[in-house]
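Thank you all for coming.

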Amino acid sequence: MTDRPDGRRTFHWRMEQPHSTYLVSVVIGEFSRLHDSWQGVPIDSYVPRALADRAPRAYGRTADAMDFLSRATGRPYPYAKYSQAAVYGFMWEGMENISATTETVDTLRDARAALDGTSDDLVVHELAHQWFGDLVTCRSWAHAWLNEGMATYFEALYQQHLARQGGAAGDDELAWKLDQSRVSYLREDRERYRRPLVTSRYVSPIRMFDAHTYDKGAWVLHMLHELVGEEGWWRGVRTYLARHAFGTVTSRDLESAFEDATGVDLGALFDQFVYRAGYPEIKLRWDFQAATGLVRLEVRQTQPLDGATGLFSFPVEVALLDGRGTPSLRRVAMAALPQQDLYLPCPVRPRTVVFDPGGALLKSLDFDKPAAEWVEQLRAPLPLPAQLDALRALAELGGDEAVAALGETLLHHRFFGARLVAAAALARIDTEPALQALRQGAGDADARVRAAVLTGFGAFPEQRELIAPLVRALEGDASYQARAAAAGSLGQFQDRRQEVTPPLLRALAQSSFLEAVPRAAIKALAELGAPEALPQALRLARYGSPQPGRADAMLALAILAGHGGHGGDDARRRTVRRTLEDYLDDPDFEVRLKVPEALAELGDPAAIPALRRSLRAEVQDEQRRPREEALRELQQQTAANPPSSQAQDERLRQLQRTNEVLEEQLRELREERAAGPAAASTLASGSAHSSGSGAAAASTTDGPDQAPVPVHIQIPPGRSAATVEVAFPGDSRSGGQASSSGAPGQVRRPLPAAAPAPTVAERRFVLTARSGQTMRIELHAPIENPGLVLSLLCPGDGHTGIGRHGALQGSVALPESGDYTILIRKTGSAPMPPATLQVELAGAPNRIAARPYTGTYFRPGGSRASIDVREMLGGTPAGGAGGAAAPATPEAMVGQTGREASKAVPGATGGAGAAAGTAGEAGARLAFSIAASEGALVSPDSLGPGTAHGTVTLRGGAGVYERAGCRLTLRFGRPGTGELHVDQAGDCGFGNAVTAGGDYRRTSLCAAPADAP
Ligand SMILES: [Zn+2]
């Protein structure tokens, strides 16, 4: 670091070791530092100053973890220092940037949150990446599991290490972590998709970071560990690191390092679990053949077989419990067969047979045995996985024997995970004795078990006496998770809604880590359909409410809208849909991620166009995926439940009514315009009053023959928001409201002269803002249905997306700098007291504002051709820096071939003002794709028939794509207009379905026509 004379400082950092570029990061901010070290390596943890007291709780074990990893891998921590920085607004839990991990501040627990969990997993995961991911890096994302599986598996190994430090064996801790990974992977496989662990078929790299990569990845390593044994495992790890340090690896490299280190053939393990998909789904039965003294164990593999998933061969242990309940272990080799019968010698009939008691195989298990045998298995001195299998089987079987054994486990098992699963099992059995057993666990010392018990109470909503203990827990338990669990269960007491609503409403005000308690309470209130919940959910969902709870509040809104039966409350449903649609471009990354889920939960197909628009405008794949999934779900719902003809009739009637009103308003507007300047000045009369905190009013007087003068809103220094009053004084009509008299369909229109007051009045407010900022607007009208419509217009009057539905609020990330106009229209003659307009401007450091020309362009009428335009960052083709062309005769670069084509663009007249140019944009390289239908534009990687794509370099607002016999000129309009004119000369080979030439309009921000497809 060097201090410079001008007061600035320059920091230098030299990274001595080779590493991959995606691991480079710089974190800048005001932090408080927690310093530690391990064998001379500085370990610094940076947290926001306000959270300094939480740093030791989160990061206190880092040095111990570094010691563990260095010893276990035989390779001391490889870099000069290690740091962790907890930052706000981080979209992931952690990122293993080289020697400088970045993490979310959400890992900084307060003292009470420490009852519910620790940061150990995150700390160890990211630290383990310094070896597995940074020192040795997967060669491509196809092999991402080499990074993530290893880091996830080391979370489990570290838990085992910690338990061993405490004098325990640590096997429970290891098994529990693996159990959680197994549950997570099996859920993704069943509910979402199945893929091979290694695959290069992915839409975008981020989609590789799923439960397959993390959880199945960890399991493959665990199976490898079991296969080669403890010593072989660590020898393999060391060989792998020694061979590939500071290099890149594929899955084959891991396989051969372990094979060479141990001599064990790993072909079957890798072929079945890494290169192919799925897992063995095992069904079992056993009987005892007394005459021969043999146990026959029938093993069937029932997984559906296809090109990706086959039959599995694997070694496995089987335990036979003798007369005293003592297990004896046999190791058997299973072949890749649909059914295999094993015969195991046994002098007397065993009490039961246990398959894979140690949980060494990734599988699903369906063992057909009576409850009594599962109870034997549960009570035998077997490892935790065998006991978890028994607990889950007993949950399915039920009965007195099961309840007794589960109750005993809940009360007395040494390990919290087993107690927790026992509590869930008792809730699932759902009988009076099961409840009595479950209640015994309510005082468990471990908050996680108490939370499971309280969650279990939700399965008994007919038991009124549970309400009191649930409310006591909601208001008195030390653990936030236990309180949240109590709230969730209270939400199940439908028949006692009156009784449980007040404590849940109170819980909305509780302060808790990451808003855990209010989040659970608002969802519970929504489940109950409590009418008081709607305004609360709207409030908690709003931009500015605590971020961790906003997505839950949105989900609550969707659930609430579903209450009240079919068509019971269309208005509420519509309000919720529009509110949620507005949040599709919320400034908060995590909120945007969750909105589609809430829209899918709402199940209103009317949200499909908004989701489609949002999907088209979204460039980040992690945001595209939830949008795609919500669209798929809504489309499936629509296909499954086509609207009834009665509902369609009702919808048609509504549309007809809306149409009548709109025609009426249109006629009024036309007449007012036809009446000339006098009437227009009447329309403009009445000043917009500006007042309130920090709003400086500009001229509010309207001349007799000019348009209403917009009011400039100025936000004072140091503030981000301003409030102004919106008044429509003197516009109550003295009669002649057409629709109020006359026969229907024969509307009598008063003459303009007889109608001095307008039925439509508008106010304009102007706010200057910068590209990349976020603007939030809210118009509070003192009366309901005030007939107000709010729109936010971009510089140049393009539309921002706010107000398209007539909503009175919204927020948007601004795509360009300039004057934004807030347009407020009042229709109808009813008088209205002054309304308040609140505006807020915030910086949005995590968002890149859309470039003036990027987005999807549609042909406004007729054919369905569309053009998707993206900027290719960092790409200027050879020679691109030259050629300072005059805007009228732009030079063109042919991006794909690098050939230079210096030609005048044909058809330079007409089109959208090339002369205006896009100053400062010269040289931007654009990728475009043209499609015959919007469906083909789902992803640039999936170009369908009738599509074509290419790149152009923009000069003065125009780009030329050229190849043999074809020239395509893309001419963008003035920024903000969203216009694009395309000239096509020759055949560009786009297929008959697309005629590329013509005028286009962009649907994204600042240009969207209200009726964009
Ligand atoms: Zn990771």
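I will talk about a sheet, then the helices packed on it, then one further helix, and finally the cysteines.

Please keep in mind that this is a predicted model, in which local features need pLDDT of at least 70 and side-chain atom pairs count only at pLDDT 80 or more, while totals for chains, interfaces and linings use all residues. Residues are numbered from 1 along each chain as its sequence is written, and side-chain values use heavy atoms, with hydrogens and water left out.

Let me begin with the sheet, which is open and has 5 strands in the order β3-β4-β5-β7-β6, with mixed pairing. The edges are taken by β3 (31–38) and β6 (94–95), each of which has a single partner strand, so one side of each is left without a neighbour in the sheet. Strands here are DSSP runs of E with at least two residues, helices are runs of H or I with at least four residues, and both are numbered from the N terminus; two strands pair if DSSP finds at least two bridges between them.

Where does β4 find its partners? On one hand, β3 and β4 pair in the antiparallel sense over 8 bridges, and they form a hairpin with 2 residues between them, where Gln-39 in the turn has a positive phi of about 45°. On the other hand, β4 (residues 41–48) pairs with β5 (residues 82–87) in the parallel sense over 4 bridges. Asp-44 of β4 stands opposite His-35, and Asp-44 also has Ser-83 in β5 as a bridge partner, while Tyr-46 has Ala-85 in β5. In β4, 6 of its 8 residues are buried, where buried means under 20% relative accessible area, exposed over 50%, and partly exposed in between, with a 1.4 Å probe and protein chains only.

Turning to the helices, α2 (residues 62–73) lies across β3, β4 and β5 and runs at about 40° to β3. Such angles run from 0 to 180 degrees between N-to-C directions, with axes fitted as lines to C-alpha atoms, for helices over the stretch in contact, and contact means heavy atoms within 4.5 Å.

Finally, the cysteines: Cys-138 counts as buried at 6% relative accessibility, and Cys-346 is buried at 11%. The count of disulfides is 0, a disulfide being a pair of cysteine sulfur atoms within 2.5 Å.
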